[in-house]
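Subject: Structure for your files

Hello,

Here is the structure I promised to send over. My notes on what I found follow below it.

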Amino acid sequence: MSDMPPTSDPPPPSDAIHQLSIAKRLAPVSVLFQLMAMGRQSVLPLVVASWSAVNGNWLIALGVIAASTLGLAFVLVRYFTLRYQIADGELIVTEGLLFRKVRNVPVDRIQNVDLVQNLWHRMFQVAEVRVETASGSEPEATLRVLSLVEVDRLRSEIKTQSNRSRATTASATDDPSDAYDTEPESPSHQLVLAIPTPWLIKAGLASNRGLILFGILTGYIAQQNTRWDQQFDRVAQNIPGQAWTLNPWILIPIAIIAALLVIRLLGVGWYILRFSGYRLDRVGEDFQVSCGLLTKVSATVPRRRIQFISIHRTPLMRWMKLSSIRIETAGGAGKQGEDAASTVTRRWFVPVIPDARLAEVLDHIRTGLVINEPTVNWTTASPRAGRRLLRLAILGSILAATIGFLSLGNGGILLGVIVGVAIVAWSRIYLRFLGYHRFNDGVMFRSGAWNRKTSVTFFDRIQTLDIKTSPFDRRWSMGRLSIDTAAAGPADHPIVFPMMDIGQAKSEFAILSKHSANSPMSWD
C-alpha cells in the first residue's frame with residue numbers, strides 16, 4: 001500500500017472572513033446622517049414652505065412636504081437595499097430597488113481605504129469610508145457610514161484578501177502547493193512624523209491660506225447686498241476717537257498691519273482646524289495619515305504608488321526654515337471638489353516640516369532619495385534666456401510708459417520705469433532658481449521666483465515626454481522640455497522646463513526616453 005500525498009486544500013475561513021462573506025448593511029445611524037444631509041440642502045425650501053403655510057398658500061407647502069416625503073423614502077430604500085460584502089477576492093457593493101446596481105472591486109487593486117469623521121460621526125462612533133483604486137480620480141465605492149468596529153474589520157479583510165491574492169499569483173508561477181501556505185505577516189508600525197501645534201502656528205503665519213479665507217469672507221459680505229459705507233460706519237464706531245486724529249501716514253500703515261495680522265490669524269486657525277493631531281505612520285509598505293480637529297481624516301497611501309514628490313516653500317517658510325511636502329500617486333489625478341481625504345493624502349501630505357527633518361521623511365517616502373539642493377549640479381536655462389527676458393522687460397516698460405503717459409501725462413512715464421525694473425528683478429530671481437537635474441533614478445526640477453518648488457519623479461513613473469518650441473523659442477534656439485507622470489495636479493508643480501538650450505533639450509529627451517523605456521512601471 002503506497003502512501004497518499006498530502007492534499008493542499010486552502011485553510012478554512014476565519015470568523016472575520018465568514019462574517020464579511022455575508023452581505024451587510026450600512027450602520028443604522030446612516031439613515032440619520034442621510035436625513036441630516038438632505039435637511040441641509042432643504043433648508044431654503046422648508047423656509048419657503050413654512051412661510052407659505054403661514055400666509056395660507058398650502059399648495060406650495062404641500063409640494064415641499066411631498067418632496068420631503070419622497071426624499072425620506074429614497075433614504076430608506078437606499079439603506080435597506082445597499083449591501084456590501086467581500087467574496088471571491090472582490091468587494092461587492094449592490095444597491096437599488098427598481099434599478100439595481102452592482103459594483104465589483106478586486107481587493108488586490110484597492111490602494112486606499114480612507115475615513116472621514118466629522119463631529120457627528122465621532123459622536124456616534126462611525127465614519128464615512130471611501131474605497132479607491134488606481135484606475136480613476138473618483139472613489140470606486142463610498143460607504144456612508146460604517147461603525148468603527150466594522151471599518152477595522154473591513155480594512156483587515158481587504159488587506160488579508162489582497163495579500164492572499166498576490167501570494168496565490170506568485171505561487172502560480174513557482175510552486176502552486178504554496179498558494180495557501182503564505183499567510184500575511186503582521187506589518188511593522190513606525191511613527192514617521194507627528195506635527196505639534198507650534199509647527200502649525202508657524203505654518204499658518206507663513207502661508208497665504210489666510211488671504212484666501214479673507215477673500216472668501218469679503219466676497220460673502222459683498223454678496224449680502226450690504227452697503228459698504230454703512231459697514232464702514234459700524235466699524236468706525238468701535239475705533240477710539242483719538243485714532244482719527246492721527247496723521248494718515250501713520251493711520252494707513254497701522255490699518256495695513258492690522259489687516260495682515262487678521263489674515264495671518266485666519267491662516268493659523270485654518271491650519272489648526274485642518275491638521276491638529278497630525279500623524280504620519282508607516283505600516284508595512286503603506287503610509288497612514290490622520291489629522292483634524294473637528295473633521296478627522298484617516299487615510300492610507302500605498303508607498304509604492306507614489307510617483308511624484310514635491311517640496312514647497314513660501315518666502316516666510318524659507319525664513320522660518322520650514323517646508324511642506326506634496327505627493328502624487330497612481331490614479332491620483334487632480335479633480336474638482338476633491339474630498340478631505342484626497343486633499344490630505346495628496347495636496348497636504350506633510351503640511352509643514354522643519355528643513356532639518358526633511359531628509360528623514362524623504363527617505364521613508366523613497367528609500368535613498370536625497371534632495372540636497374545646494375550640492376546638486378543643476379542644469380540652468382539657456383545662456384541666452386537673460387537677454388530674451390531683458391527684451392521682454394523693455395517691451396513691457398515701453399507699453400506701461402505709453403499707457404501711463406496717455407492716462408496720467410508726463411508723470412505716468414514713471415510707471416514704465418517701475419514695470420521695467422520689476423520685470424528685470426523678477427527675471428533674475430526666476431532664472432537663478434530655475435533648474436533641472438537628472439540623477440541615477442530620476443529627475444529633479446525646481447522653479448519659482450516667489451514661492452519655491454522642488455519636485456522629483458522617477459524613470460519608472462514617467463508616462464510621456466515632449467519638446468515644444470514656439471516661434472520665439474526657435475528664434476532663440478530654445479525648447480520647452482515636459483515630463484508627465486499622468487497624475488499632475490495635486491502637487492501643483494508640473495515638470496516643464498522652459499528656455500532650455502534646444503541642443504540640450506533634445507539630448508535630455510533622448511536620454512530620458514531610453515531610461516523610461518528600460519524602466520517598466522511596477523506598482524508592487
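Ser 482 sits opposite Val 496 in β19. The two strands involved, β18 and β19, run antiparallel and are joined by five bridges. Please keep in mind throughout that this is a predicted model.

β18 also has a partner in strand β17 (residues 464–468), again antiparallel and again over five bridges. In that pairing, Lys 468 stands opposite Arg 480 of β18. Five of the seven residues of β18 are buried, so the strand is mostly covered.

Part of that surrounding is helix α14 (residues 385–408), whose buried residues pack against β18 (478–484) and β19 (495–501), and also against α15 (413–433) and α16 (471–475). The buried positions in α14 are Ala 385, Arg 388, Leu 389, Ala 393, Gly 396, Ser 397, Ala 400, Ala 401 and Gly 404. After the helix comes Gly 409, with a positive phi near 90°.

Asp 473 belongs to helix α16. Is Asp 473 buried or exposed? Its relative accessibility is 6%, and Asp 473 therefore counts as buried, the cut-off being under 20%. Apart from neighbours within four places in sequence, Asp 473 is in contact with Arg 388, Lys 468 and Met 478. Of these, Arg 388 is one of the buried residues of α14, and Lys 468 is the residue opposite Arg 480.

On the annotation: the unreviewed UniProt entry marks residues 58–77, 199–222, 250–273, 389–407 and 413–431 as "transmembrane region". I looked at two of these spans in the model. Residues 389–407 are 100% helix and 0% strand, with end C-alpha atoms 27 Å apart. Residues 250–273 are likewise 100% helix and 0% strand, and there the end C-alpha atoms lie 35 Å apart.

Ser 30, Val 31 and Phe 33 are buried in α2. Viewed down the helix axis, the buried residues of α2 fall within an arc of 165°, so they line one face. Their packing partners are α4 (58–81), α5 (119–124), β5 (126–133) and β6 (141–147).

Next, the nonpolar cores. The largest has 40 residues, and the members that touch the most others are Leu 193, Leu 280, Ile 325, Phe 349, Val 350, Leu 362 and Ile 365. Leaving out neighbours within four places in sequence, Ile 325 is in contact with Ile 309, Ser 310, Trp 348, Phe 349, Val 350, Ile 353, Leu 358, Val 361, Leu 362 and Ile 365. Apart from this core lies another, of 25 residues, including Leu 431, Val 443, Ile 483 and Met 500.

Finally, the overall figures. The protein chain has 17 helices and 19 strands. Of its 524 residues, 41% are buried. Among contacts between residues at least 6 apart in sequence, 62% join residues at least 24 apart.

Regards

Conventions: Residues are numbered from 1 along each chain as its sequence is written. This is a predicted model: local features need pLDDT of at least 70, side-chain atom pairs count only at pLDDT 80 or more; totals for chains, interfaces and linings use all residues. Side-chain values use heavy atoms; hydrogens and water are left out. A nonpolar core is a set of buried Ala, Val, Leu, Ile, Met, Phe, Trp, Tyr and Cys residues joined through side-chain atoms within 4.5 Å. Buried means under 20% relative accessible area, exposed over 50%, partly exposed in between (1.4 Å probe, protein chains only). Contact means heavy atoms within 4.5 Å. Helices (H or I, at least four residues) and strands (E, at least two) are DSSP runs, numbered from the N terminus. The arc is that of the directions from the helix axis to the C-beta atoms. UniProt positions are given in the numbering used here, feature names are shortened, and annotations may be inferred rather than shown by experiment. Two strands pair if DSSP finds at least two bridges between them.
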